[in-house]
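Student: I am new to this structure and would be grateful for a close look at a single part of it. Please show me the model before I name that part.

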Amino acid sequence: MIGERIGRINRKIAEGGVAIGTHISLCEPAVTEMLGLIGYDFVWIDWEHSAMDRSHIQGHLMAAQGVGAAAFVRVPWNDPVTVKPILEMGPDGVIFPMVMDAAEAAAAVASTTYPPAGRRGFGPRRANGYGMVPTAEYLREVEGSFWRIIQIEHEDAVRNLDAILAVEGVDTIVVGPNDLSGSVGLLGQTRHPRVLALLDEIAAKCVRAGKAFGTSIGFDAGVVAEWKGRGVSWIAAGGDTGYMMEAGRKTYGEMKGIFGS
């Protein structure tokens with residue numbers, strides 16, 4: 001059924017829950033399959049900052065969805081040519097980075113929406129089950145089958161956030177704390193009071209607008225608890241490379257301790 005996974009996340013949020021996810025940056029889809037088996041609601045497939053190509057992305061989508069997890073793809077830029085082939089793979093969400101204002105948010109929505117409302121070209125492949133879903137049914141359900149996710153990661157975007165949230169078709173926004181800190185000359189200082197104030201402002205505006213919002217962070221239990229306090233709807237924390245490095249370093253350290261070398 002088209003939209004089943006994002007529908008499950010929408011229901012969880014509507015019932016007061018928080019959708020929990022994690023980040024994928026390695027190319028191997030078995031990594032996504034393993035994390036999906038753990039029970040994550042979704043995976044964030046990061047095309048913006050990884051070595052993946054489009055075939056890797058499709059493999060990750062198949063792996064995640066095969067074990068019942070939703071799969072969001074962060075594209076490298078808000079560009080309809082870049083977004084189009086990802087849509088045909090049938091993601092459960094598309095993340096548009098560094099959106100600055102309502103016009104850019106509207107362009108993102110248009111690139112994911114069929115005419116007359118948008119400018120998406122018609123050519124679904126995996127998105128309509130390789131033709132197993134009748135075209136009329138697909139067109140009736142497709143617009144609600146995935147999230148259009150606008151990433152807020154610049155001080156100017158925070159100033160424009162009320163207008164961005166009012167754009168029809170924006171399903172949710174996600175906060176990028178690191179780039180947000182860089183936009184005010186404090187790159188990496190996500191605990192700086194000025195950055196924390198911006199994070200609080202974003203959350204307050206989303207709550208006031210009744211719009212679901214998420215964040216993308218490394219895992220820190222205290223920071224996650226802060227986001228819970230802000231009323232976050234969904235959260236992607238930690239990721240494949242971090243998990244591997246953490247476990248690898250721990251094992252290596254214990255082995256050195258045993259052998260004394």
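Student: In which loop does tyrosine 130 lie?

Tutor: This is a predicted model, and what follows should be read with that in mind. Tyrosine 130 is found in the loop that runs between α5 and α6. Its backbone deserves attention: phi of tyrosine 130 is near 55 degrees, a positive value in a residue other than glycine. With a relative accessibility of 56%, tyrosine 130 counts as exposed, because the cut-off for that class is over 50%.

The loop between α5 (102–111) and α6 (135–141) also holds proline 116. Here the peptide bond from proline 115 to proline 116 is cis, and its omega is near 10 degrees.

A positive phi is also found at methionine 98, which is not a glycine and has a value of about 50 degrees. Methionine 98 is located in the loop between β4 (93–96) and α5. Its relative accessible area is 21%, so methionine 98 is classed as partly exposed.

From β4 one may turn to the sheet. Eight strands, in the order β1-β2-β3-β4-β5-β6-β7-β8, close into a barrel with parallel pairing. On average, neighbouring strands of this sheet are turned by 25 degrees against each other, direction ignored. One of the pairings joins β4 to strand β5 (residues 147–152), in the parallel sense and over four bridges. Within it, valine 94 has arginine 148 of β5 as its bridge partner. Helix α12 (residues 240–259) packs on the sheet, where it touches β1 (19–24) and β8 (234–239). The direction of α12 makes about 40 degrees with that of β8.

In soluble globular proteins, nonpolar side chains tend to be buried together. In this model, the largest nonpolar core has 59 residues. Those with the most contacts inside this core are Ile57, Ile150, Ile152, Ile173, Ile202 and Trp227. Helix α10 (residues 193–209) supplies the largest share of the core, namely six residues. A second, separate core has 14 residues, including Ile6, Ile9, Ile149 and Ala236.

Leaving aside residues up to four places away in sequence, tryptophan 227 touches Val175, Leu199, Phe213, Thr215, Ile217, Val232 and Ile235.

To return to the request, tyrosine 130 is an exposed residue in the loop between α5 and α6.

Note on methods. Residues numbered from 1 in each chain as written. Predicted model: local features only at pLDDT ≥ 70, side-chain atom pairs only at ≥ 80, totals over all residues. Heavy atoms only, no water. Core = buried A, V, L, I, M, F, W, Y, C linked by side-chain atoms within 4.5 Å. Buried < 20%, exposed > 50% of the residue type's maximum accessible area, 1.4 Å probe, protein only. Helix = DSSP H or I, 4+ residues; strand = E, 2+ residues; numbered from the N terminus. Contact = heavy atoms within 4.5 Å. Pairing = 2+ DSSP bridges. Axes fitted to C-alpha atoms, helices over the stretch in contact; angles between N-to-C directions.
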